[in-house]
Amino acid sequence: FVCITAPVSGVIWGGYVVDKVGGYTKPEAIEILFRNAVYAGGFGLLIPLIDTFFIFMTLCWFLLFFGASIVPGLTGIMLNSIGNYPKAVANSLTNIFYHLIGYFPAPFLYGFICTITGGSKSRWGLRFLMLF
């Protein structure tokens, strides 16, 4: 439920809000994106400190919501900052680096840090990923 509703509603909300301030070419859009990034980071910092399942999942929902709400505006700003010809290449390279630097190493690093800090009972893997 959390993994589906939070990112989908975050992307829809983020696109709506950036559109309401005049689009991704306006300076207000960058302020909104920065504020959403701060919110996502704040919720992410709280996640490793929580032991209650409901609060943990609520914080995960807000982290995914605010993180996803950055995507439409930031993609628009990024693609608007380059010419028409290299837009497809820039978008492809961006996705490659998202996957190579963010998504691909995360499970390995989580498992590696948990293994060297105490096995399956260790919370250092989660702390590392949320702080990173």
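Student: Is Tyr16 buried, exposed or partly exposed?

Tutor: Buried means under 20% relative accessible area, exposed over 50%, and partly exposed in between (1.4 Å probe, protein chains only). Tyr16 is partly exposed, since its relative accessible area is 45%. Keep in mind that this is a predicted model, where local features need pLDDT of at least 70 and side-chain atom pairs count only at pLDDT 80 or more, while totals for chains, interfaces and linings use all residues. Residues are numbered from 1 along each chain as its sequence is written, and side-chain values use heavy atoms, with hydrogens and water left out.

Student: How many aromatic pairs are there?

Tutor: Rings of Phe, Tyr and Trp (its six-membered ring) pair if their centres lie within 6.5 Å; planes under 30 degrees apart are stacked, over 60 edge-to-face, and the rest tilted. That gives 9 aromatic pairs here. Take Trp13 and Tyr16: the ring centres are 5.8 Å apart and the planes are at 35°, so the pair is tilted.

Student: Where do Trp13 and Tyr16 sit relative to one another?

Tutor: Helices are DSSP runs (H or I, at least four residues), numbered from the N terminus. Trp13 and Tyr16 are 3 residues apart in helix 1, so about one helical turn separates them. Trp13 is partly exposed too, at 44%.

Student: Which helices does the pair of Phe43 and Phe66 link?

Tutor: Phe43 is in helix 2 and Phe66 in helix 3, 23 residues apart, so this pair links distant parts of the chain. The two rings are stacked, with 5.9 Å centre to centre and 5° between the planes. Phe43 counts as partly exposed at 22%, whereas Phe66 is buried at 14%. Ring pairs also join Phe43 and Phe66 with Tyr39, Trp61, Phe62 and Phe65 into a cluster.

Student: What is the volume of the largest pocket?

Tutor: On a 1 Å grid over the protein atoms alone, a pocket is an open set of points where a 1.4 Å probe fits, with protein on both sides within 12 Å along at least five of seven lines; lining residues have an atom within 4 Å of a point. Points are joined across faces, edges and corners, and the volume is the space filled by probe spheres set on them. The largest pocket comes to about 1,300 Å³. Of its 35 lining residues, the closest to the centre are Leu63, Leu64, Gly67, Gly102 and Tyr103. Helix 5 gives the largest share of the lining, 7 residues.

Key. Helix = DSSP H or I, 4+ residues; strand = E, 2+ residues; numbered from the N terminus.
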